[in-house]
Amino acid sequence: MKRIVCVALVGVVFGLGAFADGDRDSSMAPLPKNDRCLSCHASVMPGVSTSWRQSEHAFSGVSCADCHIARPGDPSGRDHMGFKVTSVPSPAYCATCHEAEVAQNSRSKHAWAAFFGNLKPYYTEARSRGLDPLAQSTAKQLDPERMGKQAVTPLFPDSGILAATGIISRPDYSHNNVTLGCAQCHGTFVIVEDDGELSGWPNTGIGRVNPDGSTGSCSSCHTRHTFSVAEARKPYTCGQCHLGPDHPQIEVYEESKHGNIYDARGESWNWEADEWGPDDIDAPTCATCHMSGFGGVVQATHDVGERLYWELQPKVSVPQWKNADQVDDLVFDRVSDPVAAAEGRRRMKAVCGQCHSTPWVDGYFTEFDAVVNDYNIVWKYVDALLTDAYADGLADKENPIDEMPEIYHYLIWHHSGRRWRMGAAMMGPDWTNWNGAIDTIMYYLGLMKSDLDLRARIQRLERDADKR
Ligand code: HEC
Ligand code: HEC
Ligand code: HEC
Ligand code: HEC
Ligand code: HEC
Ligand code: HEC
Ligand code: HEC
Ligand code: HEC
């Protein structure tokens, strides 16, 4: 309904006659005449206007200027052909028309991912000095990216060995895996330099810190300028970041029956549906389970934590932490909320219930929770092993990640232990067993124990030798 009204409006404004909804897939909105930006931008970077013309925005009359004219107080605004324009329309710009989506996204962990990740050393330092970590002035003073690159912590697992070898402080070593690695997924700080140029941009990491002090990037999932829902519902949109040895959600999905069905039949699904349901698709994608309104039983959300019970990424799995709008400081106040977590589980089950029976769904979650519990038992054993090794002088705490027991300890919670839990959460048996449980227990824990046994034997021999 809303669509047809908007289309009719464009027709009136530009004198073009209304389009039928059915024409939309194959057609582009016509180029509006006398548009203050498109007079040039139809030919300057024509790819931009072509993408825009395929978007719902173009059909609804949302123009370049609606998103790009700088809001008052946004330091990224620049004089441009008689207008004050920004190149980085932040979520605050979208909020004018999409308030609910922006509010949900902002309270979710997605919007905080840079501060949780690569910007954590900066965030911690800013807080300890009583400075506002979102302020341009703080970023200019502390240089967020440099601080991450110099920190020796398992947050940057290469840093332990870089410190042990001395490479860490070589001026010709750039640490640019942080810039083109962490920052591309987590986001980074976009700083407006004194000459007006942007640093830390282009970047569409999920928790990007924007010049206007907002966090997050809508283009992480809705790329400019089509800003398409169909695109965001496809699994590879999420798989761009959710992959690899430490969070292989896309690989788990590919292995699952759901991913197989998507592969076999996804092309014929109704990706454009306003609110979709089991009439539109016959197996879920990432978005279906985690975000979509589905079949009228759950409301759409841009808070990706809303349907989870567990935090599966930390060392010990615990019920979901409270959100950014419920604690003073999401980075430091990690408060489990079992009541909200149980509500999240209920919502997730409601999605499953559109296609599966209650015993099928309850049965699956009982088995999954038992896997999480097994992992926690193994983790507590592993963690105690390292604590004891420090106490017994078998390993040195000084550099937290340069000796084999420390490296195995890290690989267990950060890599194989996550694979074990995430395989189980999303129906990927190879990830649950071979890449998960077996890598954790037989491989890393086995190696960690042998290494510590060897160290203990050497320690005994050295002590015996000292006595002689
Ligand atoms: C008189 C022609 C003209 C007009 C009018 C014009 N632009 Fe541009 N715009 C350009 C040119 C030329 C560039 C530079 C392209 C390049 O660097 O490759 C540009 C660049 C940009 C950039 C990128 C800036 C950057 O540093 O990345 C944005 C964003 C932009 N224009 C938005 C707008 C908006 C919004 C309007 C209307 C309010 C507008 N432009 C009006 C010609 C124009
Ligand atoms: C719905 C809001 C919206 C509309 C409408 C819109 N833009 Fe954008 N534009 C964005 C966002 C968001 C970005 C990406 C900024 C980022 O995340 O870094 C962007 C980026 C850009 C860039 C820089 C990206 C690059 O690759 O250089 C240019 C130039 C630009 N837009 C021009 C335009 C022009 C011209 C129009 C009209 C045809 C337009 N935009 C319409 C939101 C919009
Ligand atoms: C001036 C108002 C306005 C602004 C600003 C705006 N939008 Fe929209 N947006 C709309 C309208 C109108 C629609 C189409 C209505 C509908 O389909 O519900 C829409 C639709 C969308 C859709 C759904 C597209 C689809 O495929 O169905 C997405 C995604 C979206 N906008 C994202 C954004 C993002 C991201 C920004 C900021 C960069 C933004 N919008 C800024 C008005 C706006
Ligand atoms: C390929 C994209 C990608 C890269 C590169 C990446 N991460 Fe991540 N990171 C993720 C994803 C996705 C998660 C979420 C894992 C989950 O919840 O399953 C995550 C989770 C984290 C977490 C846990 C946050 C929490 O809430 O507990 C931290 C910390 C982190 N990453 C730091 C980093 C750092 C530092 C780097 C670079 C040294 C980095 N990441 C590189 C995608 C990436
Ligand atoms: C993690 C990926 C992701 C990010 C980031 C994201 N979106 Fe979305 N968005 C989606 C998905 C998936 C859907 C489709 C949900 C569904 O199927 O109901 C969607 C749908 C939408 C819609 C259409 C809503 C409707 O009722 O049809 C709008 C508008 C929108 N997003 C705006 C935004 C804005 C604004 C931002 C930035 C604050 C944003 N999105 C960031 C994934 C994302
Ligand atoms: C069939 C529904 C379903 C599909 C499809 C699905 N997930 Fe999940 N996902 C789940 C469930 C269930 C959990 C565990 C929820 C809980 O903790 O109770 C989960 C957990 C997660 C987590 C949380 C891990 C953590 O660190 O706490 C992430 C991240 C995630 N999924 C991302 C994805 C991505 C990305 C995709 C697509 C490649 C995807 N999911 C596909 C159901 C699904
Ligand atoms: C640009 C990178 C990127 C994209 C694209 C992306 N994510 Fe994420 N996602 C992350 C990172 C980084 C985290 C870790 C956030 C944290 O805990 O600090 C994360 C965390 C999550 C979580 C865990 C939230 C929690 O509360 O524990 C879920 C679930 C999730 N993402 C689902 C999705 C889905 C579904 C999509 C696609 C529709 C998606 N993500 C797209 C980077 C991304
Ligand atoms: C849109 C429909 C749909 C949704 C939503 C859905 N599934 Fe499925 N699921 C299917 C279909 C279809 C199959 C294939 C059944 C078969 O093998 O014949 C399937 C298969 C499965 C399987 C069997 C896997 C295997 O390897 O045989 C499990 C377990 C499962 N789903 C659990 C879930 C859970 C848990 C949820 C919610 C988190 C969920 N599903 C959500 C449609 C759905």
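Sorted by class, the shell around ligand 2 has twelve nonpolar, nine polar and two charged residues. Here Ala, Val, Leu, Ile, Met, Phe, Trp, Tyr, Cys and Pro count as nonpolar, Asp, Glu, Lys and Arg as charged, and the others, Gly among them, as polar. The model is predicted, so to speak of local features requires pLDDT of at least 70, and side-chain atom pairs count only at pLDDT 80 or more, while totals for chains, interfaces and linings use all residues. Residues are numbered from 1 along each chain as its sequence is written, and chains are lettered from A and ligands numbered from 1 in the order in which they are written.

In total, 23 residues surround ligand 2, with His41, Trp52, Cys64, Cys67 and Ser219 the closest; a residue is near a molecule if its C-beta atom, placed from the backbone, lies within 6 Å of it. Helix 2, helix 3 (46-53) and helix 5 each bring at least two residues to this shell, and helix 5 gives the largest share, four residues. Helices (H or I, at least four residues) and strands (E, at least two) are DSSP runs, numbered from the N terminus. Because domain 1 (2-68) and domain 2 (106-220) both give residues to the shell, ligand 2 lies between them.

## Ligand 1

Let's turn to ligand 1. It is surrounded by 14 residues, of which Cys37, Cys40, His68, Met81 and Phe83 are the closest. Two or more residues of this shell come from each of helix 2 (38-41), helix 5 (64-68) and strand 2 (83-85). By class, the shell around ligand 1 has eight nonpolar residues, five polar and one charged.

## Domains and their contact

The protein chain is divided into domain 1 (2-68), domain 2 (106-220), domain 3 (229-356) and domain 4 (363-467), with bounds that come from an automatic or database domain assignment. Taken over C-alpha atoms, the centres of domain 2 and domain 3 are 27 Å apart.

Twelve residues of domain 2 are in contact with ten residues of domain 3, where contact means that the C-beta atoms of two residues, placed from the backbone, lie within 7 Å. On the domain 2 side, helix 7 (99-107), helix 8 (113-116) and helix 9 (120-128) each supply at least two residues. That side divides into six nonpolar, three polar and three charged residues.

## Ligand 8

Of the 19 residues around it, Lys257, Pro284, Cys352, Cys355 and Tyr364 come nearest. Helix 17 (257-265), helix 18 (286-290), helix 19 (338-352) and helix 20 (358-391) each give at least two residues to the shell around ligand 8, which comprises 13 nonpolar, four polar and two charged residues.
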